[in-house]
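Please have the sequence and the model at hand.

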Amino acid sequence: YLAYPDEFSRGIPMAANMEITAGEKIRIPVERLMARVDIDVDLSHLDAGVRMSLREVSVGECPSSALLFSQSVRSGRDSHFANGYSKRLESGSASLYLLESTGDTHGPYIQIKAEYYSPEWNTRTGEYLIYRFHLGEEPGDYNVRRNNIYHITVIPEGDGLSNTDAWSVDRSALEK
């Protein structure tokens, strides 16, 4: 169990099961209980005059616990942190870590906050345009598996406000 979502500053929790083979060779394979999510944001496909200033990336609904030697399945509201944790999105890249989370229902999600400026729209002072998407290996898959690295590149195109991909764009902070 984690007391708070980023309680891995002293290392990633791992599990090991000792194996003794013929000849009494001892082998201890170690498996990380967390997944790493590498986020990159590529703003090069935005229209002329559209500008984004990336601020932070966060993981929401991340698990608060994981089983050591079997798959960790989501089991209701008490099994995750609703708000997760945030990191600055420096140079358009960041790495996030979270415990394994599997199951049939929506799992952890990534949220990117940015200030937005275009000829037509701007974010209000102190507020942000928000991109949000669930993690998983393919659309409809909300599983984040331990000991994996997920590489995600977010590429807003055109005005950066459409959501034709499997993500949502919260435009509530925009004003003309």
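In S14, which residue is the bridge partner of Asp40? The partner is Thr153. The model is predicted, so local features need pLDDT of at least 70 and side-chain atom pairs count only at pLDDT 80 or more, while totals for chains, interfaces and linings use all residues. Residues are numbered from 1 along each chain as its sequence is written, and side-chain values use heavy atoms, with hydrogens and water left out.

**The sheet**

Strands S10, S5 and S14 form an open sheet of three, in the order S10-S5-S14, with mixed pairing. Strand S10 (93–99) and strand S14 (149–154) are at the edges with a single partner strand each, so one side of each has no neighbour in the sheet. On average, neighbouring strands here are turned by 20° against each other, direction ignored. Six bridges link S5 (residues 34–41) to S14 in the parallel sense. Strands are DSSP runs (E, at least two residues), numbered from the N terminus, and two of them pair if DSSP finds at least two bridges between them. Axes are lines fitted to C-alpha atoms, and angles run from 0 to 180 degrees between N-to-C directions.

**Glu115**

Strand S11 (residues 109–117) contains Glu115. Glu115 has a relative accessible area of 19% and is buried (under 20%; exposed is over 50%, partly exposed in between; 1.4 Å probe, protein chains only).

| Side-chain pair | Distance |
|---|---|
| Glu115 – Arg55 | 3.2 Å |
| Glu115 – Tyr117 | 2.7 Å |

A polar contact is a pair of N or O atoms within 3.5 Å; within protein, one must be able to donate a hydrogen and the other to accept it, and residues adjacent in sequence count only if both atoms are side-chain atoms. Leaving out residues up to four places away in sequence, Glu115 touches Arg51, Met52, Ser53, Arg55, Thr123, Glu127 and Tyr128 (heavy atoms within 4.5 Å).

Technical notes. Helices (H or I, at least four residues) and strands (E, at least two) are DSSP runs, numbered from the N terminus.
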